[in-house]
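Hi,

Here is the structure I promised to pass on.

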Amino acid sequence: MIYLLVLFLFTFPAFTQELVLKIPPVKTSFDVANQPIAITASATISGAGDVFRIEARADLSDLQDHITDLLRAEVTRNERCGERLSVDRATLVPAPPSSQLTAFVHYEKWACAKAFGKEIAKRIVGGNATVPVKLTPEVAANEIQLTPEVGTITADGSLGEVLRSGSLGAMMREKIGQSILKAMQKGANLKATLPPGVESIAKIQTARFFVPREEAGGRLWFEIGAEVRMPERQLRSLIEHGH
């Protein structure tokens, strides 16, 4: 892929020049349950001398629209003697610098016993529940991670006690965190936006979910802040000839 380049030069007092390079949007897509999900990312590189700041942004609105399909593919369970879990619907909304996922699920717990030489399955408890999970991005060893935190699980009667004391919360936390991060790695990252020569030496410093000031509603975006150190001439050459 040839990266297009828009170059702006701003002259400051004392003959200081700041270089601003804008990399146009790059669109990537992947399938979840035979449904294509698109993530569009762009970046701005600015700085002077040999120290430059990278700001990469990704539009996650299509991921929001298909979050129910994504969650169903990851957390559905159908054990004959054990837990059965299905996702009725899910939402993913901004809660800067985090995001908030809410899953509306149907849960059943079954037990099996033998009687007259046959195995009989009996439902112990079942019903509907709401599972909120807060997703907070962190940077560790130049990699982006998502820390999931399960909030208060709400359900009626004895089902609520089973869910809060059982393994559902831990399973949902792990599966949701992994599935969202995996989806974001396909498009909301520096590798998908920058040429390899720049991406490979960029040091990630910040990561956050956010809503741009110019956007209305609950459209979710993700932003990565990074730093790269190299001579300006080399940086321009890598971007102009990047593939």
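Below is what turned up when I went through it, from the overall build down to single side chains.

Please keep in mind that this is a predicted model, so every value here is computed from predicted coordinates.

**Overall build**

The protein has 7 helices and 12 strands. Its C-alpha atoms fill a box of roughly 90 × 30 × 30 Å along the principal axes. The radius of gyration is 23 Å, whereas a compact globule of 243 residues would have one near 18 Å. As for burial, 41% of the 243 residues count as buried. The accessible surface comes to about 13000 Å², and carbon and sulfur atoms account for 51% of that. If you take the contacts between residues at least 6 apart in sequence, 58% of them join residues at least 24 apart.

**The disulfide**

The angle about the S-S bond is -85 degrees, and the link of C81 and C112 is left-handed.

**Aromatic rings**

A search of the whole structure gives 2 aromatic pairs. One of them is F210 with W221: the ring centres are 6.4 Å apart and the planes sit at 55 degrees, so this pair is tilted. F210 belongs to strand β11 (residues 203-210) and W221 to strand β12 (residues 221-229), so the pair ties together parts that are 11 residues apart in sequence. How accessible are the two partners? F210 counts as buried, at 2% relative accessibility, and W221 counts as buried too, at 15%; the cut-off for buried is under 20%.

**Arginines over rings**

Two arginine-ring contacts are worth a look on screen. R84 lies over the face of W110, at 3.9 Å from the ring centre. R89 lies over the face of F104, also at 3.9 Å from the ring centre.

That's what I have for now.

Cheers

Terms used. Residues numbered from 1 in each chain as written. Predicted model: local features only at pLDDT ≥ 70, side-chain atom pairs only at ≥ 80, totals over all residues. Heavy atoms only, no water. Phe/Tyr/Trp six-rings, centres within 6.5 Å; stacked < 30°, edge-to-face > 60°. Helix = DSSP H or I, 4+ residues; strand = E, 2+ residues; numbered from the N terminus. Buried < 20%, exposed > 50% of the residue type's maximum accessible area, 1.4 Å probe, protein only. Lys NZ or Arg CZ within 6 Å of the ring centre and 35° of its normal. Disulfide = S-S within 2.5 Å. Rg over C-alpha atoms; globule rule 2.2 N^0.38 Å. Contact = heavy atoms within 4.5 Å. Areas by Shrake-Rupley, 256 points an atom, 1.4 Å probe, with all protein chains shown as cover.
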